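Open the model in a viewer and follow the selections below in order. Each stop gives something to select and then says what is there.

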Amino acid sequence: MIGMNRSAHPKVIVTRRLTPAIEARMAELFDVEFSKDDRPLDAAGLAEAAARADVLVPTVTDRIDAAVIAAGGERLKLIANFGNGVDHIDLKAARARDIIVTNTPGVLTEDTADMAMALILSVPRRLAEGERLIRSGRWQGWSPTAMLGRRINGKTLGIIGMGRIGQAVARRARGFGLTIRYHNRRRLPAVVEEEYDAVWRPDLDAMLEEVDLVSIHCPHTAETHHLLDAHRLALLGPQAYLINVARGDIVDERALIEALVTGTIAGAGLDVFAHEPELDPRLRGLNNVVLLPHMASATHEARDATGAKVIANIKVWTDGHRPPDQVLEGWA
């Protein structure tokens, strides 16, 4: 047994609407309160929710900082995050107040990898531009020199962060004839490298200089904030493409826009942004970037699986045991 005595029906406050099946199951198990309008809560709303909850279920749209955690008082004992990334939660403040934080690892891997691969294909082949051309009514028919893009077969893909998602991307990319380089804090076992024919590059700068595409799959931490800045974008070169389905702040967005405008890099596929849902208006005017509304994990299967993990974490905690997906020291 760990922590305080739990009620059989803890007060659970969920900040956003979840899928019907997950909400129905949560209502059976807990004293649960769901979002009424599915709008992100502001700081005051989050603090008010924390003050009334035994368990808070936030999402990536919620900034659970030290002030929100302090507002929870003695009642708040579990933050069961709906999602894998926890960079929006002040883990240090939670630990200081003996609040357990859980996440939902593993359930988004295949869907996120699918979306990364879709962007790897769509940006060099200018699929979004072609689709807009058709819809505009300005297409004049086939031409030998129209809509020329770049072949990806035979090119080199650099993967930043070779965890579950990075490896799933590597598996897909090999099927399209891409050579794999990867940058990770730790080298993978030889058997894993052999599976993907992947070569470890401990020096990120050196890897960027030898790849044609780079795909980001590391968490956002203090160490990875603006990991790709103006200097590193320039190392990629004018033939290279950047794909980001991780977190917007891993890339210096201003430097990226400048690189796209000037042709320092060839293009980008972005599912995440620095200040989402706000978007730098310059991005909307660029033809060499594909923009998606943070939808890499947006499948029915992934959302239900994520919710099931949240329920399991709360249920195990309610039963007096350590939740299976507790975020421990040094998570990032």
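This is a predicted model: local features need pLDDT of at least 70, side-chain atom pairs count only at pLDDT 80 or more; totals for chains, interfaces and linings use all residues.

Next, widen the view to the largest nonpolar core, which has 31 residues. Ile160 and Leu242 are the members that touch the most others in this core. To see which elements give two or more residues to the core, select helix 9 (204–208), strand 9 (213–216), helix 10 (230–236), helix 11 (253–262) and strand 11 (267–270). Helix 11 gives the most, with 5 residues. Another core lies apart from this one; it has 29 residues, including Ala168, Ala173, Tyr182 and Ile243. As a general point, nonpolar side chains tend to be buried together in soluble globular proteins.

Now color by domain. The domain assignment gives domain 1 as 11–103 + 299–319 and domain 2 as 109–291. Between the C-alpha centres of domain 1 and domain 2 the distance is 32 Å.

For comparison with the record, select residues 117–296. An unreviewed UniProt entry annotates this range as "domain: D-isomer specific 2-hydroxyacid dehydrogenase NAD-binding". Over residues 117–296 the chain is 34% helix and 16% strand.

Move on to the open sheet of 5 strands, where the order is 2-1-3-4-5 and the pairing is parallel. Which strands are at the edges? They are strand 2 (31–33) and strand 5 (100–102), each of which pairs on one side only. Neighbouring strands of the sheet are turned by 15° against each other on average, direction ignored.

Zoom in on strand 1 (residues 11–14) and strand 2, which pair in the parallel sense over 3 bridges. Here Lys11 stands opposite Asp31 in strand 2.

Is Thr104 buried or exposed? Thr104 counts as buried because its relative accessibility is 0%, and the cut-off for buried is under 20%. To finish, show the contacts of Thr104, again leaving aside neighbours within four places in sequence: they are Asn81, Phe82, Gly83, Asn84, Thr306, Lys309 and Val310.

Note on methods: Residues are numbered from 1 along each chain as its sequence is written. Side-chain values use heavy atoms; hydrogens and water are left out. A nonpolar core is a set of buried Ala, Val, Leu, Ile, Met, Phe, Trp, Tyr and Cys residues joined through side-chain atoms within 4.5 Å. Buried means under 20% relative accessible area, exposed over 50%, partly exposed in between (1.4 Å probe, protein chains only). Helices (H or I, at least four residues) and strands (E, at least two) are DSSP runs, numbered from the N terminus. Two strands pair if DSSP finds at least two bridges between them. Axes are lines fitted to C-alpha atoms, for helices over the stretch in contact, and angles run from 0 to 180 degrees between N-to-C directions. UniProt positions are given in the numbering used here, feature names are shortened, and annotations may be inferred rather than shown by experiment. Domain bounds come from an automatic or database domain assignment. Contact means heavy atoms within 4.5 Å.
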